[in-house]
Amino acid sequence: SLDDPSSCPVTANHSLSSITLTSIVDNGQTTFSCNSSTIASNGASLIDTNSVNVTQCSFVCTQPSLNDAPTINFSLILSSKNPSSLVESKASIPFQTSVLMRNINR
């Protein structure tokens, strides 16, 4: 289930710095959060912050209508923390995915 936010605004995208979900399998609650340096799950960093910088991180909650399940879009841009003089080490890597909430009212 989607716990925080408890719902997405209909027809408007809602940008978030964190989301909290509860698993239908074991009722385990997980909070995914973004800040200027990392992406975390229940406070534990999911990336090696010694090697990469998070230059952009966000969650966007969308729900076209009340009859549709919410979709959580996640985007992240990573860059090398200590780039060398080589142009290859100065690249940034964008990442984007989405999750359609299922069994939302179960």
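I sorted the lining of the second largest pocket by residue class and got ten nonpolar, two polar and no charged residues. My classes: Ala, Val, Leu, Ile, Met, Phe, Trp, Tyr, Cys and Pro are nonpolar, Asp, Glu, Lys and Arg are charged, and the others, Gly among them, are polar.

I note that this is a predicted model, where local features need pLDDT of at least 70, side-chain atom pairs count only at pLDDT 80 or more, and totals for chains, interfaces and linings use all residues. I number residues from 1 along each chain as its sequence is written, and side-chain values use heavy atoms, with hydrogens and water left out.

**Pocket**

I read a volume of about 180 Å³ for the second largest pocket. The lining includes Ile 19, Leu 21, Phe 32, Phe 59, Phe 74 and Met 101. Thr 97, Ser 98 and Val 99 are also in the lining. The elements that give two or more residues to this lining are β3 (18–22), β8 (71–80) and β9 (92–100). β9 gives the most, with three residues.

For the terms, a pocket is an open set of points on a 1 Å grid over the protein atoms alone, where a 1.4 Å probe fits, with protein on both sides within 12 Å along at least five of seven lines; lining residues have an atom within 4 Å of a point. Points are joined across faces, edges and corners, and the volume is the space filled by probe spheres set on them. Strands are DSSP runs (E, at least two residues), numbered from the N terminus.

**Confidence**

I checked pLDDT, the predictor's confidence in each residue, from 0 to 100. The protein chain averages 82, and 86% of the residues score at least 70.

**Backbone**

I found a cis peptide bond from Asp 4 to Pro 5, with omega near 5°. Pro 5 sits in the loop between β1 (2–4) and β2.

Asn 27 has phi near 60° and lies in the loop between β3 and β4. Asn 42 has phi near 50°, in the loop between β5 (39–41) and β6 (44–45).

**Ser 79**

Is Ser 79 buried or exposed? At 15% relative accessibility, Ser 79 is buried (under 20%). Ser 79 lies in strand β8. Leaving out residues up to four places away in sequence, Ser 79 touches Ser 51, Val 52, Asn 53, Thr 55, Ala 91 and Ser 92 (heavy atoms within 4.5 Å).

How values were computed. Helices (H or I, at least four residues) and strands (E, at least two) are DSSP runs, numbered from the N terminus. Buried means under 20% relative accessible area, exposed over 50%, partly exposed in between (1.4 Å probe, protein chains only).
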